[in-house]
Amino acid sequence: MKTKHVLTSDDVKKIAAAAEAEALANKWAVTIAIVDDGGHLLNLQRLDGAAPISSLIGPAKARTAALGQRETKIYEDIVNNGRTAFLSAPLDGLLEGGVPIIVEGQTIGAVGVSGVKSTEDAQIAKAGIAALGV
């Protein structure tokens, strides 16, 4: 039997705080979503000024990154490179900004951010994950 790493409540708080700090340092109004490895929402924070739609897009990006076990940018690139049939895949977060949390080769969750440019969303997500030191 394998040992499985999981996100703890303290881990989620660290990720959320670091992601929020990155967003605030850049004056970016975003929604930050953190999910477990099954894509289940563990934390959602919509910063002041973030568009209401971002509270749907952020969790979708996080869920897609967790279940796909890769950054959502990969899916966006697939579509942008002409494989539009991929839009029929049963995923709802195909835009850059979802980043999996990987520990010892295992995806244990993901962070999804929405509200600014996709590259900036990903920057915030990665800053949050970096707080875990993994």
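Q: Is Glu-104 buried or exposed?
A: Exposed, since its relative accessibility comes out at 68%. Keep in mind that this is a predicted model.

Q: Where is Glu-104 in the fold?
A: Glu-104 sits in the loop that links strand 3 (98–103) to strand 4 (106–114).

Q: And what's the phi of Glu-104?
A: Positive, about 50°, even though Glu-104 is not a glycine. As background, most residues other than glycine have a negative phi.

Q: OK, what about Lys-27, what phi does that one have?
A: Lys-27 has a positive phi as well, about 60°, and is not a glycine either.

Q: Where do I look for Lys-27?
A: Go to the loop between helix 1 and strand 1 (31–36). Lys-27 counts as exposed there, because its relative accessibility is 77%.

Q: Which residues of helix 3 are buried?
A: Tyr-75, Glu-76 and Val-79, in a helix that runs over residues 73–80. They span an arc of only 100° around the axis, so they end up on the same side of helix 3.

Q: Why would residues a few places apart point the same way?
A: Because an α-helix has 3.6 residues a turn, residues three or four places apart point the same way.

Q: What do the buried residues of helix 3 pack against?
A: Two helices: helix 2 (54–68) and helix 4 (118–130).

Q: Let's stay with helix 4. How do the axes of helix 1 and helix 4 cross?
A: At roughly 140°, with the axes coming within 7 Å; helix 1 covers residues 9–25. The two helices are therefore oblique to each other. Roughly antiparallel would need an angle over 145 degrees.

Q: Is that crossing left-handed or right-handed?
A: The crossing of helix 1 and helix 4 is right-handed.

Q: Which residues make the contact?
A: Helix 1 brings Ile-15, Ala-18, Ala-19, Glu-22 and Ala-23, while helix 4 brings Gln-123, Ile-124, Ala-127, Gly-128 and Ile-129.

Q: How do those divide into nonpolar, polar and charged?
A: Seven are nonpolar, two polar and one charged.

Q: What is Ile-124 in contact with?
A: Setting aside neighbours within four places in sequence, Ile-124 contacts Ala-19, Glu-22, Ala-23, Trp-28, Val-30, Ile-32, Val-113 and Val-116.

Q: And how far is Ile-124 from Gly-82?
A: Their C-alpha atoms are separated by 28 Å, and the two residues are 42 apart along the chain.

Q: Ile-129 also lies in helix 4. Buried or exposed?
A: Buried, as its relative accessibility is 10%; the cut-off for that is under 20%.

Q: What does Ile-129 touch?
A: Ile-129 touches Ile-15, Val-99, Pro-100, Ile-101 and Val-111, again without residues up to four places away in sequence.

Q: Last one: where is Arg-46 found?
A: Arg-46 is in strand 2, residues 41–46. Arg-46 is partly exposed, with a relative accessible area of 44%.

Q: Which residues is Arg-46 in contact with?
A: Val-30, Thr-31, Ala-51, Pro-52, Ser-54 and Ser-55, leaving aside neighbours within four places in sequence.

Q: And how far apart are Arg-46 and Gly-58 in space?
A: C-alpha to C-alpha they are 9.4 Å apart, and in sequence 12 residues apart.

Definitions and conventions. Residues numbered from 1 in each chain as written. Predicted model: local features only at pLDDT ≥ 70, side-chain atom pairs only at ≥ 80, totals over all residues. Heavy atoms only, no water. Buried < 20%, exposed > 50% of the residue type's maximum accessible area, 1.4 Å probe, protein only. Helix = DSSP H or I, 4+ residues; strand = E, 2+ residues; numbered from the N terminus. Arc of directions from axis to C-beta. Contact = heavy atoms within 4.5 Å. Axes fitted to C-alpha atoms, helices over the stretch in contact; angles between N-to-C directions. Parallel < 35°, antiparallel > 145°, perpendicular 65-115°, else oblique. Left-handed = near helix turned anticlockwise from the far one by under 90°. Nonpolar A, V, L, I, M, F, W, Y, C, P; charged D, E, K, R; others polar.
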